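Hello,

Here is the structure I promised to pass on to you. Have a look at it first, and then read my notes below.

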Amino acid sequence: LVRIGRSQRITSVADLISSRYGKSNLLAVGVTILAVVGTTPYIALQLQSVTLSFEVFGVGDMATGEESGHTALWVAAGLALFTVIFGTRNLDANERHNGVVMAIAVEAVVKLAALLAVGVFVVWGLSGGVSGTLDRIDASPLGHWEINGGRWAGLMMLSAAAFLCLPRIFQVLVVENDNETHLRTASWAFPLYLGLMSLFVVPIAVAGLDMLPEGSNPDLFVLTLPLSEGRDGLAVLSFLGGFSSATSMVIVAAIALSTMVSNHVVMPLWLRFAAGGAKVSGDVRHVVLLSRRLSIIAVVMLGYLYYRLSGGGAALASIGLISFAGVAQVLPAMLGGIFWRGASRLGALTGLTLGFGCWGYTVFLPSFGSGVFLPDAWLVAGPFGLSWLRPQALFGIEGMDPLLHAVFWSLTLNTALGMPARPASAVTN
């Protein structure tokens, strides 16, 4: 991917897909729409995370972190403004943002340090060391957790797909990469980083379930455990780690999506209908910067709108997985364009459209709650009484985990119906 990105001056995942299918802007527009809609829950996840953290320190309940005002709106507005100011200051031919990448690196260190500090406090400050922590885990329901093999495999596959297809990760992995040898370091440093991030997750979760009031929000244990013990300094460090992590995710996602919207939607329309008077490059530069700034604001506000319409009550992990399942629809077209000479533009567009539509119907629209976009009757009995079209029991398959059900059908339709190959002569040419 990095080599393709450098040789063909790839600026986004939509640009990559387009370049592998004859520079089809229609296909790029389709990927852009999918990426914007699919990333909306991901941005909402970050807004919810920051909002809940603010409310813990503010007027909300420390245990639940329920929003009591318009915190999410102010957070969204602040993130949009910050991204506009620092993410679109100038145009780079390679679409690289070295300052933003450096900021992400710093927040990654802060986030890791905060989580490790809370983990050390929980293990040696609250649980009496490693042996006491292991005893507490054995006595907890988490110590007897039965893993659902199907869901576990599905989540692993979704994570791998998101690693390649999520716009913000593609932006950092491919677009921002200026030296292929960096991948050698990342090949061991990134798994090590993930391992360290995961090291204290179970001890923190078990301690939170054991020590905090019943009904406490598990997403906030890293913050509420230090607060409950009067460790305000540690709680502030935890807050800063989570805040920097969430904000950096929103900023990079907004930058990546604004590039896609500007390059594949706004600029083609502007060049076709309104560029008659653009005789100098400065005119185009102004339009590109303006379109990106407006796109950033629109993308962040779409995340806020999802947060509001969905009620902001779902677990953070669940919201993120919905987003992962959406952007995973790019994977068949991406792999087909790279490795299969018979892949066709029509097949890629058909697969993306069907997969995106199936994902939206089976998991994205239901995530807003019953009656918001899908009538209650559709969820219970299917549209027009056709039970085999129920969003979470499509084609009569019942009893599956709703997320796995959506992933199974969306990627199956995406891959199977997106296979029409080009004629043999086209492949030869």
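A word on terms before we start: a residue is called buried when its relative accessible area is under 20%, exposed when over 50%, and partly exposed in between (1.4 Å probe, protein chains only). Please keep in mind that this is a predicted model, in which local features need pLDDT of at least 70 and side-chain atom pairs count only at pLDDT 80 or more, while totals for chains, interfaces and linings use all residues. Residues are numbered from 1 along each chain as its sequence is written, and side-chain values use heavy atoms, with hydrogens and water left out.

Now the overall picture. The protein has 19 helices and 0 strands; these are DSSP runs numbered from the N terminus, with helices being H or I of at least four residues and strands being E of at least two. Of its 429 residues, 47% count as buried.

Next, the interior. A nonpolar core here is a set of buried Ala, Val, Leu, Ile, Met, Phe, Trp, Tyr and Cys residues joined through side-chain atoms within 4.5 Å. The largest one has 68 residues, and Ile-17, Val-31, Phe-170, Val-330 and Met-334 have the most contacts inside it. Helix α3 gives the most to this core, with 12 residues. Apart from it lies another core of 17 residues, with Val-118 and Leu-212 among them. Leaving aside neighbours within four places in sequence, Phe-170 is in contact (heavy atoms within 4.5 Å) with residues including Ile-10, Leu-164 and Met-334.

Helix α18 is worth a look too. Its 15 residues reach 21 Å from first C-alpha to last, close to the 21 Å expected at 1.5 Å a residue; the expected span is 1.5 Å times one less than the number of residues. Among the buried residues of α18 are Leu-403, His-405, Trp-409 and Asn-414. At the start of α18, a side-chain oxygen of Asp-401 comes to within 3.0 Å of the backbone nitrogen of Leu-403.

Phe-384 counts as exposed because its relative accessibility is 76%, and its phi is near 55°, a positive value in a residue other than glycine. Lys-23, in the loop between α2 (13-20) and α3 (25-57), also has a phi near 55°.

Finally, Thr-259 sits in helix α12 (residues 232-273) and, at 2% relative accessibility, counts as buried. A polar atom of the Thr-259 side chain lies 3.0 Å from the backbone oxygen of Ile-255.

Best wishes

Terms used: A polar contact is a pair of N or O atoms within 3.5 Å; within protein, one must be able to donate a hydrogen and the other to accept it, and residues adjacent in sequence count only if both atoms are side-chain atoms.
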